[in-house]
Each structure stands twice: as structure tokens, then as C-alpha cells.
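Hello,

Here is the structure I promised to pass on to you. Have a look at it first, and then read on for what turned up in it.

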Amino acid sequence: MLDEEIVAGTLTEAGGEPAVIETVDEDSFERVRFAFFTGSPGFSAKHGSEARRAGATVIDLSGGLGVESGARLWIPALDSVLPSAVTKVAPGEPRSLFLAPSAPADIAISISAAFAPLGLTRLVLTFFQPVSERGREGVEELESQVVKLLSFEPIPQNVFDIQVGFNMLSAYGEESSEKLADVRTGIVGEVRNYLGGRVPLPAIALVQAPLFYSYAFTAYAEFRAAPALKNLAKQLKNAGLKVAATDDPAPTNVNVAGEARPVVGQPEPDPGIETGVWLWGAADNLRVPAATAVAIAEKLLAS
């Protein structure tokens, strides 16, 4: 367990056993088969090359290594429908860098790939982002804002520079260190890179919601002809998504906690457009990329 110096010495657990977080040194990646980078993008960018030079296969969940040459975005659960695009690797260089897409990118890629063979003409997705995407500080700020708003006290705004509690946002405040528009651009970039022109690119909107964990999302798809809803559900399952049964509760950001794949409800026809279909779904923003990263390692071990 390696991390930045500020958390060095912290006692945590890994695989049910106690573990102490250590700092990175010149021997940290020796004899490491797989190095999973899950922290800040800056940490990954700083140490990812060290791990690769030491012979480790790097699997990045942080987004910090997406610009590296030879990096391959991969969702193994989607391989039977749309394998990830081939990326170029320098002659003699082993393929040692893989990227697990973010949860919203995974959703957009998977639905696009599932629906494309059925005559898809348009796909629009709106994601409702949880504050945990800004780390522990984001979670603590929403919690504090909710308590203080209910007590009619001034609210902290150090992370978002705006009221997030009981609010829906299309942008953060000007003093926020991160811009919501940049996050959206990053998601679109992931989707574009994976689809590689093989499937039409969906339109994506991003809203900051007062949620602690898990994305909720809505998707609208139009087809050349009115599709059979059962075929849509089958295609979604083939693309590795979990489709809730007709008599199951609708997916929510609460009940999908711990699910390894995004969950969607049953497709519903638009009441006014014959060829239009709606989906509602949710995905655990922490578990989905983590499960994808483990699946990548398992695929590599089996190959």
C-alpha cells in the first residue's frame, strides 16, 4: 500500500489484514507484477513510469496516465460486443499500461456499443455526479453543508466554492480547484478514445448532485425503427451491464453500492416519439472501475 507522504504511516486494511501505508522509494516496485494506481492523477503521473521501468504492469484508475503512449483503455466485460481499440506500442516495448475507464465513461461506452447494432441514431446521457469524486474532502464538505444549512449557519465552500447541499449544479464556483466542465471533457475523451469511430459518439451532460456516493444517470436513445424492448435489454446484458428485472426495485445510487457493473432498469418507450427509448440507471463510482481493473489483471494472467 503506497501513497503520498501526507498519509504515510496510516494504518488501514487490505484483504482483511492490517496494512500500513508507505511512501514510494526506489525499491517500491521491485518484484511487483501488477501496480494499481487509484489515488490522485498527479501521484500516478509521477510514479507510473517508475513502476513500468521496474517491470510491473500498471493498471490506472486515477486518470493520471491517460496521455502516456501505448496506454490502452479496456473494459473486459465488453469484449464480446466491442473490444477496446488497438493502441500503438513502440517496437520492443511491452504493453504494460492499461486504463480502467471512469464509471460514467464505462456506462456511455457500454450503452453505445450495446445499441449500435440495433440501428441507433442518437444517444444522450445525463450523469448525476456524487461528491466523492472530489475525494474525502468533497464528502466532508457536503456533510458539513447539510448540517449547517439545517441549523441556519454559514456553510463551508472550500472544495466546491458553492452550495452543493440540497442543490443541483451545472458548474462549480470560480475558486474551485477543479471545474465541472473539465470533468465532463475528460469523460467525453475517454468515450471517444474507446469507441475510436467504430460506434457513434453519444452526447453527454454532467450535473453535480448532492449525493455522497454512486452516479445516477438517465439515457435517451433513438433508433431508425421502433425497437423491441426485450432486444434492448438483451443487448445491454451482452455488453456486460446488469439489467434489473421487471419486478426489481429501480436502481438508485444507494442500492447499487457494491455492484461491480453499472445497473440499468428496464428500457421504457418514450410516450411521444415512437423510436425513442429511455433508460434509468446507477453505478458505484468506486467499485465499477476497481472491478474493471481487477478484471484486466485476470485477463492478462490468463493470456
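How much accessible surface does the protein have, and what share of it belongs to carbon and sulfur atoms? The accessible surface comes to about 15,500 Å², and carbon and sulfur atoms hold 53% of it. Please keep in mind that this is a predicted model.

**Overall build**

You will find six helices and 13 strands in the protein. Its radius of gyration is 20 Å, close to the 19 Å from the globule rule for 303 residues, so the protein is as compact as a globular protein of that length. Along the principal axes, the C-alpha atoms fill a box of roughly 60 × 60 × 35 Å. Of the 303 residues, 45% count as buried. Among contacts with a separation of 6 or more, 63% are between residues 24 or more positions apart.

As for charge, there are 24 positive and 37 negative side chains, and the centres of these two sets lie 10 Å apart.

**Aromatic pairs**

A search of the whole structure gives 10 aromatic pairs. One of them is Phe127 with Phe217: the ring centres are 5.9 Å apart and the planes meet at 45°, so this pair is tilted. Phe127 belongs to strand E7 (residues 120-129) and Phe217 to strand E9 (residues 215-223), so the pair ties together parts that are 90 residues apart in sequence. Are these two residues buried or exposed? Phe127 is buried, because its relative accessibility is 0%, and Phe217 is buried with a relative accessible area of 0%.

Another pair joins Phe128 and Trp280. Their ring centres are 6.4 Å apart with the planes at 45°, so this pair is tilted. With Phe128 in strand E7 and Trp280 in strand E13 (residues 276-283), the pair ties together parts 152 residues apart in sequence. Phe128 is buried at a relative accessible area of 17%, while Trp280 counts as partly exposed at 38%.

There is also an aromatic cluster, formed by Phe29, Phe37 and Phe43.

**Two residues with positive phi**

Which residues have a positive phi although they are not glycines? Phe152 is one of them, with a phi of about 60°. You can find Phe152 in the loop between helix H3 (135-150) and helix H4 (180-195). Phe152 is exposed, because its relative accessible area is 78% and the exposed class begins over 50%.

Ser214 also has a positive phi, of about 75°, and is not a glycine. Ser214 sits in the loop between strand E8 (203-208) and E9. Its relative accessible area is 2%, so Ser214 is buried.

**Arg122**

Let me finish with a residue on strand E7, Arg122. Arg122 is partly exposed, with a relative accessible area of 47%. What does Arg122 contact, leaving aside its neighbours within four places in sequence? Arg122 is in contact with Tyr220, Ala221 and Glu222. From Arg122 to Arg198 the separation is 76 residues in sequence and 15 Å in space, C-alpha to C-alpha.

Enjoy looking through it, and do write back with any questions.

Best wishes

Definitions and conventions: Residues are numbered from 1 along each chain as its sequence is written. This is a predicted model: local features need pLDDT of at least 70, side-chain atom pairs count only at pLDDT 80 or more; totals for chains, interfaces and linings use all residues. Side-chain values use heavy atoms; hydrogens and water are left out. Helices (H or I, at least four residues) and strands (E, at least two) are DSSP runs, numbered from the N terminus. The radius of gyration is taken over C-alpha atoms; the globule rule is 2.2 Å times the number of residues to the power 0.38. Buried means under 20% relative accessible area, exposed over 50%, partly exposed in between (1.4 Å probe, protein chains only). Contact means heavy atoms within 4.5 Å. Accessible areas come from the Shrake-Rupley method with a 1.4 Å probe; for residues, only the protein chains shown count as cover. Lys and Arg count as positive and Asp and Glu as negative; His and the chain ends are not counted. The place of a charge is taken as NZ of Lys, CZ of Arg, CG of Asp or CD of Glu. Rings of Phe, Tyr and Trp (its six-membered ring) pair if their centres lie within 6.5 Å; planes under 30 degrees apart count as stacked, over 60 as edge-to-face and the rest as tilted.
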